[in-house]
Amino acid sequence: MPVLNRSAGRVLGPLALALPALLVACTSGQPPTPPPADPGPVAVDAARDELAALAAAARDRHLVAQYVYSQADQPDRTIVFTSANDGSWRVDVPGGALGGTVDVSMATTADGLFQCALPSAGHPESASCVRLGERDDAIPRRSDPRVQHPLTDWLDVLTDRRAPLAVAPAKAPEGLTGTCYSVDSTSASLNAPLDVGIYCYDRDGTTTGVRTGAGTLRLAAPPGPAPATVQLAGPVVVDREPLETAAPPTPDPSDSPDAGTS
């Protein structure tokens, strides 16, 4: 038996010494532990979500509201905005055409998109309207007073998560109230989906103010109830072109029939 024990020791001794090395070799041959799974994209920006929710409420808000529109080096104007229960809308813009000499009304109804010329210093005639296209068409740039966009189609942009916008909470500019957000465009295109600036809303979705490079729109008083639908300011005519926002060119005195005569 002692002989067998010495033989077993001679066999087991090298194995005992080799076992740790074999374990190390096996361990080193295993694939490395995979890194933790990608936690995924960062949570959706809260400010963008908040603004989208308020803009959606504003889009569904039906009311009649007065806004003060301020632009540099120009007197303040009172804009009347109507969002009717049937989805039609109307914005009356004093000095909205011909370089500020003619008051206009922009409106969409079930029959289309319209521009109406209102009686004013530059348009002593009674109100009349021209059809610009279908209700979802864009207003031609040359006839677009632009003041209506924050209250109408830009609300669709603010609710669209695919729109190239950067949104951050902002302090309400002087004179404005509500919850405000700074909105910038992240697109390199010259045709930005909206004007960058500060957009402010009440908790019920009422647009309380907007400040962009074009001017400042400020809610002047608590809004009133909405009508069932909007009414055009006058009859639709077909023998008149839409009024342009730019002032007409100054007549050249040399073109006068009496030029060069005494």
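The questions below take up strand pairing, then pockets.

This is a predicted model, in which local features need pLDDT of at least 70, side-chain atom pairs count only at pLDDT 80 or more, and totals for chains, interfaces and linings use all residues. Residues are numbered from 1 along each chain as its sequence is written, and side-chain values use heavy atoms, with hydrogens and water left out.

Q: How many residues of strand 2 are buried?
A: Helices (H or I, at least four residues) and strands (E, at least two) are DSSP runs, numbered from the N terminus. Buried means under 20% relative accessible area, exposed over 50%, and partly exposed in between, with a 1.4 Å probe and protein chains only. Strand 2 covers residues 77-83 and is mostly covered, the number of buried residues among its seven being five.

Q: Which residue of strand 2 stands opposite alanine 65?
A: Two strands pair if DSSP finds at least two bridges between them. Strand 1 (residues 63-70) runs antiparallel to strand 2, and seven bridges join them. The residue opposite alanine 65 is phenylalanine 81.

Q: Which residue in the turn between strand 2 and strand 3 has a positive phi?
A: Strand 3 (residues 89-97) is antiparallel to strand 2 and joined to it by four bridges. Threonine 82 stands opposite arginine 90 in strand 3. The two strands form a hairpin with five residues between them, and the turn residue with a positive phi, about 95 degrees, is glycine 87.

Q: Which helix gives the largest share of the lining of the largest pocket?
A: On a 1 Å grid over the protein atoms alone, a pocket is an open set of points where a 1.4 Å probe fits, with protein on both sides within 12 Å along at least five of seven lines; lining residues have an atom within 4 Å of a point. Helix 2 (46-59), strand 1, strand 2 and helix 3 (154-159) each supply at least two lining residues. The largest share, three residues, comes from helix 3.

Q: What is the volume of the second largest pocket?
A: A volume is the space filled by probe spheres set on the grid points, which are joined across faces, edges and corners. This pocket is lined by 24 residues, with Tyr69, Gln71, Pro145, Arg146 and Val147 nearest its centre. Its volume is about 340 Å³.
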